[in-house]
Amino acid sequence: MTAAGHAPGAERTGRGAPQAGLLVGGLVLLAVVAVLSIGVGARAVAPTEVVRALLDFQGTDDHVIVRDVRAPRALLAVAVGAALAVAGALIQTLARNPLAEPGILGVTAGAGFAITVGSALGLAVGQAGELAFAVLGSVAAALLVAAVGRRSPLRLVLTGVALTAVLSGVGLGLRLVLPDVFDAYRFWSVGSLAAREQAPLALPLTAIGLALLGALLLSRALNALALGETVAHTLGAGVARVRAVTLVLITVLTGAATAIAGPILFVGLIVPHLARRPAGGSVPWLILYTMVLGPVLLLLADIGSRVLLPTGEVPVAIVTAFLGGPMLIWAVRRYGAGSL
Amino acid sequence: MNVFGIRTERRTVWLTASLLALAAGLGLLGLCYGATWSGPGEVLAALTGTERSVVISEWRLPRVLAGVVFGAALGVAGAVFQNLTRNPMGSPDVIGLDAGAYTGALFAITVLSGTSGQLATGSVVGGLLVSAVIYLLSFDRGFSGLRLVVIGIAVNAMVTAINSWIVLRAELEVAIAAVGWSAGSLNGVGWADLRIPFSVIAVLLALMACRAHAVQQAALGDAIAVTTGVGLGRLRLLMVLVGVGCTATVTAVAGPIAFIALAAPQIGRRLAGAAGVPLLPAALTGAVLLQGADLLAQMLLAPAALPVGVVSTAIGGCYLIWLLTKEVGRA
């Protein structure tokens, strides 16, 4: 990850001030949505009480709920949202394809399927095992799709969709054949944050944190790569090395997010589309914006997942799709589909 | 069969003949296979009417015909939309027509009483509504295939989310029935379910066959198409109607059978070595794919039957990936 050891070139673009302002605005939005998400639920907690519970813990029922249940869940939503959105931004930059997304390219499906098979065989035990299998699955899927789909953006997407279809078909078939063993697949087939905050998640969270840092460090080299291979060579970027490191980051981010929450599609497709125009062609800003907007989208979806059904919860992946669809349509109509 | 394509190269003829033979063979196998095996002689006797067999002519024949005809309809629907959007991702199952038809059917099951007429109307209306929404949203100072695909993917995600929400809200028995149907299945299809769908599909396919030449011209590019006297606006409308009609009709009877509309035209065009997305190979590949998948779905877990959508997805996907791999090797 030392391929480009520079800080993201915020100040050097010349348009730093408005872009930094937008970033601060995004962070404020993120804070508001996070407080809202901690407050909403089966027992509503007032925003002022949420802030007090976080800063000055008193031990009341509300404070316990906030500290033990809601805040960890919000943290998970932030981590997963950021991981998926940045993975999407990286994969779109690398593939130079506005349709590329870990979900569409089959990386998420690979991770989910690997966890299912691993736990059915009794190998994926505990957080480390699940994470290992998730990363393994996403690496395998990414390598396969990249090998088959290289040189043609459409073939890449086609391969990813075909792989996702095969894995979901085989997964569903196996579930029908071996109902006991593959009961776990039900969880991995629809992404959800419900009750995940109770599991020990230090390892995947650390992995996401490190990978996000790596993405920021790498973003300047990716900026050069986005200009085309020849230009990147001239600018002194090690094209092959940057590509390899980016691929590793994508698979770690996708694998860890899937290990935490199951497959959540769409975040990685929509958020970069929303962030691209304000970022103005700069990969460092794109990654910073997606890092803030991804959590906002997932937190909003998580709030929705708690209020949409009178009893129980809707899996967050369903709400993500419902929120993200209109955003994507708006972005495409406003900026065009091929704006990279 | 000259109406389907301008180029009657030897390869196309061979491909057509072998795909037809393959479909016929799979159909015969489907008539023989079941809880009890009937020899080909028995099947032929039952078909020609010299010997009455309820099992073959009332149970297996409708299912086999449904597999072949629905497969062809889905293949044509996919080819039509992929031609329209000039993008393999522009097939009905990706841009949400299947999901929309399924929403209509779900509405008929959960809110209305769920008779077969309501199911059919519901899914056609659902498919038409979704395609109208996608078309209106993507039509903005001219027509762009890629824009339509991206908007279609977004609409598909939303409609699928609505479907899941409806199923989650529904009562348990309704939900189980709806989910069992959601992967697409030909289990228990009888003659009574098929008369109207078959006639609708026949009319739609005949319409498309008459205009196949114009479709090929349109695939060469807007300018060339207009120069050669093709009315693009009316042709596009007809193509959308045929594509939506085929998809919704199949969904009404068999549920959303995903992936055949995406895979069959792509497999067919690679087998035919054609430049565009020709209709006839797509139709025949779709028929072979769905009938073969339905046979496997019955065999794999016998006596229980898998939903055919599961098998068609797995097989079609593997084959498509293999074809794409070969393409990379050549490039």
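Trainee: What covers the buried residues of α1(B)?

Mentor: The cover includes α2 (40-48), α3 (54-85), α13 (260-272) and α14 (279-300) of chain B. Keep in mind that this is a predicted model.

Trainee: Which residues of α1(B) are buried, and what makes a residue count as buried?

Mentor: The cut-off is 20 or more other C-beta atoms within 10 Å of its own. In α1(B), these residues are buried: Thr12(B), Leu15(B), Leu19(B), Ala23(B), Leu26(B), Gly27(B), Gly30(B) and Leu31(B).

Trainee: How does the reach of α1(B) compare with what is expected at 1.5 Å a residue?

Mentor: Helix α1(B) has 23 residues, 10-32. The expected span is 1.5 Å times one less than the number of residues.

Trainee: Why is α14(B) called largely enclosed?

Mentor: Count the buried residues. There are 19 of 22, so the rest of the structure largely encloses α14(B).

Trainee: Now chain A. What makes up its secondary structure?

Mentor: Chain A has 13 helices and 0 strands. Of its 340 residues, 55% count as buried. Take contacts in chain A between residues at least 6 apart in sequence: 74% of them join residues at least 24 apart.

Trainee: How are two packed helices described?

Mentor: By the angle between their axes and the distance between the axes. Take α8 (202-226) and α12 (283-307) of chain A: the axes come within 7 Å and cross at roughly 145°. The crossing is right-handed.

Trainee: Which residues meet there?

Mentor: From α8(A), they are Leu212(A), Ala215(A), Leu216(A), Ser219(A), Arg220(A), Leu222(A), Asn223(A) and Ala226(A). From α12(A), they are Val283(A), Pro284(A), Ile287(A) and Met291(A). By class, this contact has 9 nonpolar, 2 polar and 1 charged residues.

Trainee: What makes two residues a contact between chains, and how many residues of chains A and B are involved?

Mentor: Their C-beta atoms must lie within 7 Å. By that test, 35 residues of chain A are in contact with 35 of chain B. On the side of chain A that touches chain B, α6 (153-177) and α13 (316-335) of chain A each supply at least two residues. The largest share, 16 residues, comes from α6(A).

Trainee: What is the class make-up of that side of chain A?

Mentor: It has 24 nonpolar, 7 polar and 4 charged residues.

Note on methods. Residues are numbered from 1 along each chain as its sequence is written. Chains are lettered from A and ligands numbered from 1 in the order in which they are written. This is a predicted model: local features need pLDDT of at least 70, side-chain atom pairs count only at pLDDT 80 or more; totals for chains, interfaces and linings use all residues. Helices (H or I, at least four residues) and strands (E, at least two) are DSSP runs, numbered from the N terminus. Ala, Val, Leu, Ile, Met, Phe, Trp, Tyr, Cys and Pro count as nonpolar, Asp, Glu, Lys and Arg as charged, and the others, Gly among them, as polar. A residue is buried if 20 or more other C-beta atoms lie within 10 Å of its own, exposed if 12 or fewer, and partly exposed in between; C-beta atoms are placed from the backbone. Axes are lines fitted to C-alpha atoms, for helices over the stretch in contact, and angles run from 0 to 180 degrees between N-to-C directions. A crossing is left-handed if the near helix is turned anticlockwise from the far one by less than a right angle, and right-handed if clockwise.
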